[in-house]
Amino acid sequence: MNTQTRLVEVRTKILKHNDIVARQLRQQFAERGIFVVSLVSSPGTGKTMFLEQTLKQLQPEFRTAALVGDLATDNDARRLARVGAPVKQIVTGTVCHLEAQMVQDALAELPTHDLDFLFIENVGNLVCPASYDLGETLRVVLFSVTEGEDKPLKYPTIFNTADLAVITKMDLAAAVEFDLDAAQHSVQVVRPGMEILEVSAKTGAGMNDWIELLKERRRHIVPQAEILEINVI
Amino acid sequence: MAREGSAAETAELIFEEVPLVVHCPSCNVDSTVEIQSFVCPICGTPTGEIISGRELEVTALELES
């Protein structure tokens, strides 16, 4: 029996749908002047605590909101809601990361019209979130002093796709003999030139630098948004 | 596993790895690097400018009849 072989070219990006939705989100955020920050880290790095303190410090001056992804519980959303900012939980079930579509769906239930900052806390995972663009303006990767200085070397892809690294739990640095130089070097090896901040959300150390960075980065996008609004009126 | 009992029972899934290539701003050359070392192999300049290696695509189907 003769077999015939036929080659069908497909050339389709597997994450094409995600990329399309992410692009739409990014455009919407830019038009509305919303500065969007996504937070990625391992489970237990202290994303929620960090976000709680961030929202608290921004609240008096800015309109903020947060989306938080978790496999099962809404504990994080309840914790964050105490700060007073609108918070929406995205329960992902068995999915280990957030996707642009989940963000888009969740936004429909969150008042975003007048927002200055939107935070998206990803599911605790340093692998899969790297591949999914969420339309964010700034992707922040966090790792704590208890996780080891070589974390960036073990998970290079997520560090490579991030815009900023934050080292958390600095109040424990001495106790665990954390080597800051080695950690900074690890980051620079996988992502040359990336800015690194060291914070302790618990004591507040380093949080001012982070808040100032957010305000400064936002200033770069907002003038455009205000011009757009004037044109619309 | 997924192909068992289906028309594609004997199908093969072939992965083609795309090497990680970065651009060096100093010597203006693209080189293949390891993911744990974003450094130009020629001049040693650190660079994160990825040219290729992030692709995740279905490129083609080869059908036999």
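The following legends describe close-up views of a predicted model that contains chain A and chain B.

**View 1. The contact between chain A and chain B.** In this predicted model, chain A brings 22 residues to the contact and chain B brings 19 residues. About 1,800 Å² of area is buried between chain A and chain B, and carbon and sulfur atoms account for 57% of that area. Eleven residue pairs, with both residues at pLDDT 80 or more, are in polar contact between chain A and chain B. On the side of chain A that touches chain B, at least two residues each come from β1 (5-13), α6 (156-161) and α7 (180-190) of chain A. The largest share of this side, nine residues, is supplied by β1(A).

**View 2. The salt bridge across the interface.** One salt bridge is found across the interface of chain A and chain B. In this salt bridge the side chain of A:Arg11 meets that of B:Glu57, with a distance of 3.5 Å from N to O. Side chains of opposite charge can pair when their charged atoms come close.

**View 3. Strand pairing between the two chains.** β1(A) pairs with strand β4 (residues 57-64) of chain B, and the pairing is antiparallel and extends over seven bridges. Within this pairing of strands from two chains, A:Arg6 stands opposite B:Leu63, a residue of β4(B).

**View 4. The seven-stranded sheet of chain A.** Chain A contains an open sheet of seven strands with parallel pairing, and the strands follow the order β4-β3-β5-β2-β6-β7-β8. The edges are taken by β4 (87-91) and β8 (195-198) of chain A, each of which has a single partner strand, so one side of each is left without a neighbour in the sheet. On average, and with direction ignored, neighbouring strands of this sheet are turned by 20° against each other. Strand β3 (residues 64-70) and strand β5 (residues 117-121) of chain A run parallel and are joined by five bridges, and here A:Thr64 stands opposite A:Phe117 of β5(A). The helix α7(A) lies across β6 (138-144), β7 (164-168) and β8 of chain A, and its direction is at about 150° to that of β8(A).

**View 5. The three-stranded sheet of chain B.** In chain B, three strands form an open sheet in the order β2-β1-β3, and their pairing is antiparallel. Because β2 (29-32) and β3 (50-52) of chain B stand at the edges with a single partner strand each, one side of each is left without a neighbour in the sheet. From one strand to the next, the twist averages 35°. Two bridges connect strand β1 (residues 21-24) of chain B with β3(B) in the antiparallel sense, and B:Val21 is placed opposite B:Ser52 of β3(B).

**View 6. A salt bridge between two helices of chain A.** Over all chains, a search of the whole structure finds 18 salt bridges. One of them joins the side chains of A:Arg79 and A:Glu52, with 3.5 Å from N to O. A:Arg79 belongs to helix α3 (residues 75-81) of chain A, whereas A:Glu52 belongs to helix α2 (residues 47-58) of chain A, so this pair ties together parts that are 27 residues apart in sequence.

How values were computed
Residues numbered from 1 in each chain as written. Chains lettered and ligands numbered in written order. Predicted model: local features only at pLDDT ≥ 70, side-chain atom pairs only at ≥ 80, totals over all residues. Heavy atoms only, no water. Contact = heavy atoms within 4.5 Å. Buried area = accessible area lost by both parts, 1.4 Å probe. Salt bridge = Lys/Arg side-chain N within 4 Å of Asp/Glu carboxyl O. Polar contact = N/O pair within 3.5 Å; in protein donor to acceptor, adjacent residues only side chain to side chain. Helix = DSSP H or I, 4+ residues; strand = E, 2+ residues; numbered from the N terminus. Pairing = 2+ DSSP bridges. Axes fitted to C-alpha atoms, helices over the stretch in contact; angles between N-to-C directions.
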